[in-house]
Amino acid sequence: MINRGYMDYHKDRFNDHSLMVFHNNKLIALLPAHLSAEGILISHPGLTYGGLITSFKMTAALAIEVFESLKSYLCSNGIIGIYYKAIPHIYHNQPAEEDLQSLFLIGAQVVRSDVSSVIPLGRHMGFSKLKKRGLKKAEKGNVKVKESKNWSGYWNMLAENLANRYEVEPTHSLDELQLLHNKFPGNVRLFT
């Protein structure tokens, strides 16, 4: 998801203000970010997550320096604050949360916390009785799952269900879904 090609498909919606962090003339971190009209740096609102991207060489001490520098950068550029969405540790190559510790140490406040759930692909978790009944019903009804190109049929069903159940619209328009599929055909696929 943190891919310039993905981020740029909706660049017309966001004032990109992504940052590169250097230490001893070496790139050590990236921060995908957007600058809001109110002057707040947001670790990218067009992404599900978008915290500081670092290598396994990041240390707690260096992370503190990075966030102190970031704080100084914000102040010297008239940016009044930052909304930081940390990358869930399940997406880390080497799980670590130096960024969260550093934010705490510089006085940041938590204003939102989201749930992140994971199903380990290597471990079968089993099905509930209700799911097993649904599976048997689908097998009896000869339901088949296959890859589809009917993006408009899917999107219309999605939009209707979201409107009826939650009174919201899909995050992506039909045109955006098709654009993303065309840009990333191996990653954005439709199964019906």
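Analyst: Strands here are DSSP runs of E with at least two residues, helices are runs of H or I with at least four residues, and both are numbered from the N terminus. Two strands count as paired if DSSP finds at least two bridges between them. In general, strands of a sheet pair through backbone hydrogen bonds, either parallel or antiparallel.

This is a predicted model, in which local features need pLDDT of at least 70 and side-chain atom pairs count only at pLDDT 80 or more, while totals for chains, interfaces and linings use all residues. Residues are numbered from 1 along each chain as its sequence is written, and side-chain values use heavy atoms, with hydrogens and water left out.

β1 and β2 run antiparallel and are joined by five bridges. Val-21 stands opposite Ala-29 in β2.

Met-20, Phe-22, Leu-27 and Leu-30 form a nonpolar patch on the surface, with about 400 Å² of accessible area together. The elements that give two or more residues to this patch are β1 (19-23) and β2 (26-31). Phe-22, for one, lies in β1. Patch residues have over 30% relative accessible area and no salt bridge; nonpolar side chains (Val, Leu, Ile, Met, Phe, Trp, Tyr) are joined within 5 Å, like charges within 9 Å. A salt bridge is a side-chain nitrogen of Lys or Arg within 4 Å of a carboxyl oxygen of Asp or Glu. Accessible areas come from the Shrake-Rupley method with a 1.4 Å probe, and for residues only the protein chains shown count as cover.

There is also an open sheet of three strands with the order β3-β4-β6 and mixed pairing. Its edge strands are β3 (33-35) and β6 (81-83), each pairing on one side only. Three bridges join β3 to β4 (residues 40-43), and these two strands run antiparallel. In this pair, Ala-33 stands opposite Ser-43 in β4.
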